Amino acid sequence: MPSARLPQLLTVATVVILAVTACGGRPDPPASAPQFASASPALSSAAPPPSPSPAPSTPPASAAPVAIPAGVTAGIVVYDREAAAFVLQQKGDWRFRSASLVKLLIALDYFWDRGPSYSVPAPDQPKLQIMLRSSDDAAATGLWKADGQREIVNRMVKRLGLHDTEPPPVSQPGYWGYTAVSAGDLVRVYQYILDRAPAAEREFIMGNLHQTTKCGTDHYDQSFGIPSVFKAPRAAKQGWSGFGDNPATPCVATAGYPGTSGAFVPAAAPNKPDMMGEVLHTTGTVGEHDRYIVAVLSVHPDGSQFAKAAANLTKIVQALPLPDSTKLV
């Protein structure tokens, strides 16, 4: 995943604006389609489909905030599709630099005007698969350039009713990782995929996210967060940026995830996260039939090491109030 540092030609004023404000085709949804409300104080959702199997115990509907390690800012939203209720909302509308989470929008935009029964042709399958499973940057860049760059984000904001998502700066249209997103909007994205997208599109995207690989193609270990905490079935799309082009410890597909230690401390006073620090995100679904949608976005102090940031994010995810039956330990 490309470095988080903006090119030198990006002005200080633009960075300030980002930090404060960004952080035959298929028609747009008709007026009768499920509408999404503001991420603060509450999100709304399309009603989930009935579950064909008994559900695990339902977590509390108004869980206490999750404690965040010192120096870290996190936006968290957890949604129970079966109960049509939020398990947790914590800074759900705060904006973060998307890193590779924008690849979900790239994939959705690719499918948008292809028709409900569209089958991905053989030449495109490897690009989409490796982008979704292994967070491949080259595949994302190719699709980004081919489909309009910033306009991909603008189209998907309108189509999905996103509230906090904005494209990269006009002066840097190729930097897809500088799209601004929020945990609330990522939940909206998954709600669309799971409850409104054509079946073929849903099965392709979620099928690949259920097969996420331990290692990204840039040799970073992407098993932090959801993959390290929850047992199968679970799906994940991860994001990371700002840790350099080469990891200090390259990922090995057979390696286990290291244990973590250290106490939590209360989160610092509210503040809008910057767009220049190291970001690490974990999003996806947990449980049978993708019951729970989980989005945890985080920004870490500038200069943070990847291993420490990954450990901190995984501890946040471990503290999420989801049933023990969904967790590995």
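Q: In which loop is His 289 found?
A: His 289 is found in the loop between E6 and E7. Please keep in mind throughout that this is a predicted model.

Q: Where does Ala 99 lie, and what is its phi?
A: Ala 99 lies in the loop between strand E3 (96-97) and H2. Its phi is near 50°, a positive value in a residue other than glycine.

Q: Why does Ala 99 count as buried?
A: A residue is called buried when its relative accessible area is under 20%. Ala 99 has 1% relative accessibility, so it counts as buried.

Q: Which peptide bond is cis?
A: The bond from Ala 232 to Pro 233 is cis, with omega near 0°. Pro 233 is part of the loop between H8 and E5.

Q: How many helices and strands does the protein chain have?
A: The chain has 9 helices and 7 strands. Of its 329 residues, 53% are buried.

Q: Which residues touch the most other members of the largest nonpolar core?
A: This core has 51 residues, and those that touch the most other members are Leu 108, Met 131, Leu 132, Leu 160, Val 189, Ile 205 and Leu 209. At least two residues of the core come from each of E1, H2, helix H3 (125-134), helix H4 (137-146), H5, H6, H7 and E7. Another core, of 30 residues, lies apart from this one, and its members include Tyr 220, Phe 230, Phe 306 and Leu 320.

Q: Which residues of H5 are buried, and what covers them?
A: The buried residues of H5 are Arg 150, Ile 152, Val 153, Met 156, Arg 159 and Leu 160. Their cover includes H2, H4 and H6. After H5 comes Gly 161, with a positive phi near 70°.

Q: How should I read a salt bridge, and how many are counted?
A: Side chains of opposite charge can pair when their charged atoms come close. In this model the count comes to 10 salt bridges. One of them joins the side chains of Arg 291 and Asp 80, at 2.7 Å from N to O. This pair links distant parts of the chain, 211 residues apart: Arg 291 is in the loop between E6 and strand E7 (292-300), and Asp 80 is in strand E1 (residues 73-80). Both Arg 291 and Asp 80 are buried. A network of salt bridges links Asp 80, Glu 82 and Arg 291.

Q: Which parts of the chain does the pair of Arg 155 and Asp 109 tie together?
A: The side chains of Arg 155 and Asp 109 meet in a salt bridge of 2.8 Å, N to O. Because Arg 155 lies in helix H5 (residues 150-160) and Asp 109 in helix H2 (residues 102-111), the pair ties together parts that are 46 residues apart in sequence. Arg 155 counts as partly exposed at 28% relative accessibility, while Asp 109 counts as buried at 7%.

Q: How many residues apart are Arg 188 and Asp 185?
A: An α-helix has 3.6 residues a turn, so residues three or four places apart point the same way. Arg 188 and Asp 185 are 3 residues apart in helix H6 (residues 183-195), about one turn of the helix. Their side chains meet in a salt bridge (2.8 Å, N to O), and both residues are buried.

Q: Which residues does the disulfide join?
A: The disulfide joins Cys 215 to Cys 251, with 2.0 Å from S to S. Cys 215 lies in the loop between H7 and H8, and Cys 251 in the loop between strand E5 (234-241) and strand E6 (278-286), so the pair ties together parts that are 36 residues apart in sequence. The link of Cys 215 and Cys 251 is left-handed, with -75° about the S-S bond. Cys 215 and Cys 251 are both buried.

Technical notes. Residues numbered from 1 in each chain as written. Predicted model: local features only at pLDDT ≥ 70, side-chain atom pairs only at ≥ 80, totals over all residues. Heavy atoms only, no water. Disulfide = S-S within 2.5 Å. Helix = DSSP H or I, 4+ residues; strand = E, 2+ residues; numbered from the N terminus. Buried < 20%, exposed > 50% of the residue type's maximum accessible area, 1.4 Å probe, protein only. Salt bridge = Lys/Arg side-chain N within 4 Å of Asp/Glu carboxyl O. Core = buried A, V, L, I, M, F, W, Y, C linked by side-chain atoms within 4.5 Å. Contact = heavy atoms within 4.5 Å.
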